[in-house]
Amino acid sequence: MTNVVIMAHHERADARSLAASTAAWLRERGHVAWMLPADAVTSRLPDLADDRPAASADLVVCLGGDGTMLRAVRLLDGAPVPLLGVNLGRLGYLTEVEAESITDALERFERGAEVGQWHLDERMMLSVVVTDADGTDRGSWRALNEAVVEKRVSGHTVHLLVRIDGEPFTSYAADGLIVSTPTGSTAYSLSARGPIVSPKHRSLLVTPVAPHMLFDRSLVLDPTETVQIEVLGERDAAVAVDGRPVCDLAGGATVMCTPSTSTARFVRFGAHHYHQVLKAKFGLTDRRA
């Protein structure tokens, strides 16, 4: 018997109907399937609500796109539960199967990794710790894509000092700074002209957003290195983790980014052709002379 928690895109009717049919299919086969209470209410599927934590599941089925996958990773909070992404929107980087293939995918998951039906694609995550100037701990978070320290007031830059392994590197006058994982290299970092890095790699990427200075290059750091960002001056900043605002920062506050001890685990049924997904996403061609 497999315990499966289902997470669905809140604004898609097809995600709601697929959640209901998937739960019914799983229960008919003797498995336990549920939704977290808030998710069940938002999806208008109250019969699936159960308050058992997502971390107690053997599998998380995500119905939506990359945003739904990121939400699932956040709710797992580092628990080593594999995720199966079912794409209901545009081509996603993290999802694995299309809606019409979900029962086939679940059958293959039933048969087990030991018989070669699936494997895990483990992705590095960030640990993000925020501390006020007086040493007060503001909180800690995990990020699959990135942590962003950015300006709060439109029309102004924010001044940020970056330390690498505790040593000052340089201060930035910019709209913000992104610290991302290789998985996050195709998210916000890419729009700030950061490099595309294979998700099989382990590294920290530091990319400035609209820097008002000559040095505007991204840094690709070893995963053993630490990145600390300090807010300088009187202009406040804000922190977002995987696109979700988490707190505001006054002068002197710091954001410490290090590799998390936990990984995000995605179910794959064959070689995950990341570069082919990238090619399709950007409409690249392979013209030959």
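Biologist: Are Arg123 and Asp121 buried or exposed?

Modeller: Both Arg123 and Asp121 are buried, meaning under 20% relative accessible area; exposed is over 50% and partly exposed lies in between, with a 1.4 Å probe and protein chains only. Keep in mind that this is a predicted model, where local features need pLDDT of at least 70, side-chain atom pairs count only at pLDDT 80 or more, and totals for chains, interfaces and linings use all residues. Residues are numbered from 1 along each chain as its sequence is written, and side-chain values use heavy atoms, without hydrogens and water.

Biologist: Okay, and what do the side chains of Arg123 and Asp121 form where they meet?

Modeller: A salt bridge, at 3.1 Å from N to O. The term stands for a side-chain nitrogen of Lys or Arg within 4 Å of a carboxyl oxygen of Asp or Glu.

Biologist: How many salt bridges are there by this rule?

Modeller: The count is 16. Another one joins Glu96 and Arg268, at 2.9 Å from N to O. Those two partners sit 172 residues apart in the chain. Arg268 is buried, at 0% relative accessible area, while Glu96 is partly exposed, at 22%.

Biologist: What about Asp248, which partner does it have?

Modeller: Asp248 pairs with Arg152, and their closest N and O atoms are 3.6 Å apart. That pair also links distant parts of the chain, 96 residues apart. Asp248 is partly exposed at 38%, and Arg152 is partly exposed at 46%.

Biologist: Which residues do shared partners join into one network?

Modeller: Glu96, Asp121, Arg123 and Arg268.

Key. Helix = DSSP H or I, 4+ residues; strand = E, 2+ residues; numbered from the N terminus.
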